[in-house]
Amino acid sequence: MRQFEPKDLTERENYKLLSGSIVPRPIAFVTSQDKEGRINAAPFSFFNGVNTKPPMVMLSTGRKNGVRKDTAQNIIDTGEFVVHISELSMIEGINNTAAPIAREENELERTDFKTVPSDIVSVPGIEDARIRFECKLERVIELGEEEGCDLILGEIVKYHIADDVYIEPHKIDVQALHPVGRLAGKNYVKLGEEFVLDRPTE
């Protein structure tokens with residue numbers, strides 16, 4: 001068995017071990033906007049749900065040379081964002097938004113996605129997504145040093161769920177959703193075979 005101490009590895013080497021081990025990871029496709037109202041869209045696979053009362057999600061956005069990603073800066077400046085669950089029909093367009101373009105450019109122009117107004121937050125959502133969460137910033141926790149990240153915690157203030165993936169009462173049909181997960185590097189994964197395990201009751 002290989003053994004490593006993180007302090008002996010570069011940031012990139014630590015990233016490779018983490019991203020290749022913690023799999024599959026759900027992908028948050030996030031829209032945000034700056035104080036001038038310019039829209040930003042980007043995917044993040046260091047993402048998950050972290051609380052239910054109130055419902056909250058977290059996403060981790062890396063910093064480069066101490067500079068925050070546009071998404072993180074927008075969320076800090078405005079306190080609002082929208083998280084979309086990445087699905088197979090959208091993944092190529094989502095991937096196109098990950099290009100390193102200038103802050104003033106709109107990543108959505110690299111896609112065929114259409115936006116739709118949100119009901120509570122000012123940030124628009126993506127009409128094509130069958131699940132999206134309007135979120136308000138709960139807090140930001142700075143992790144690491146200059147090359148660290150911003151851990152963003154957001155409270156979901158409204159769910160938008162398409163009829164074809166909704167099952168009464170308040171369940172999601174994941175087979176109909178066709179979610180996509182992130183592996184390492186350029187590799188992604190579709191929903192595979194399901195199996196059931198009962199939790200022990202004693």
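Where is the place of Leu88? Leu88 sits in the loop between E6 and H3.

This is a predicted model, in which local features need pLDDT of at least 70, side-chain atom pairs count only at pLDDT 80 or more, and totals for chains, interfaces and linings use all residues. Residues are numbered from 1 along each chain as its sequence is written, and side-chain values use heavy atoms, with hydrogens and water left out.

View 1. Helices (H or I, at least four residues) and strands (E, at least two) are DSSP runs, numbered from the N terminus. At 40% relative accessibility, Leu88 is partly exposed. Buried means under 20% relative accessible area, exposed over 50%, and partly exposed in between (1.4 Å probe, protein chains only). Leu88 and Leu191 are 103 residues apart in sequence, yet their C-alpha atoms are 9.5 Å apart in space.

**View 2. A nonpolar surface patch that includes Leu191.** Tyr159, Ile161, Ile172, Val174 and Leu191 make this patch of about 390 Å². Patch residues have over 30% relative accessible area and no salt bridge; like charges are joined within 9 Å, nonpolar side chains (Val, Leu, Ile, Met, Phe, Trp, Tyr) within 5 Å. Accessible areas come from the Shrake-Rupley method with a 1.4 Å probe; for residues, only the protein chains shown count as cover. Val174 belongs to helix H4 (residues 174-177). Its relative accessibility is 34%, so Val174 counts as partly exposed.

**View 3. A negative surface patch.** Glu11, Glu145, Glu146 and Glu147 form this patch. Lys and Arg count as positive and Asp and Glu as negative, while His and the chain ends are not counted. Each charge is placed at NZ of Lys, CZ of Arg, CG of Asp or CD of Glu. Glu147 lies in the loop between strand E9 (131-143) and strand E10 (149-161). Glu147 is partly exposed, at 39% relative accessibility.

View 4. The whole structure holds 11 salt bridges. Each is a side-chain nitrogen of Lys or Arg within 4 Å of a carboxyl oxygen of Asp or Glu. Side chains of opposite charge can pair when their charged atoms come close. Between Glu5 and Lys7 the N to O distance is 3.4 Å. Glu5 is partly exposed at 44%; Lys7 is exposed at 65%.

**View 5. The salt bridge of Arg63 and Asp150.** The closest N and O atoms of this pair are 3.0 Å apart. Arg63 lies in the loop between strand E5 (55-62) and helix H2 (70-78), and Asp150 in strand E10, so the pair ties together parts that are 87 residues apart in sequence. Arg63 and Asp150 are both buried.

**View 6. The salt bridge of Arg130 and Glu87.** Here the N to O distance is 2.8 Å. Arg130 is in the loop between strand E8 (125-126) and E9, and Glu87 in the loop between strand E6 (80-85) and helix H3 (91-96), so the pair links parts 43 residues apart in sequence. Arg130 is buried at 18% relative accessibility, and Glu87 is buried at 2%.

**View 7. Cys135 and Cys149.** A disulfide is a pair of cysteine sulfur atoms within 2.5 Å. The count by this rule is zero. Cys135 is in no disulfide, and the nearest cysteine sulfur, that of Cys149, is 18 Å away. Cys135 is buried, at 0% relative accessibility. Cys149 is buried too, with a relative accessible area of 15%.
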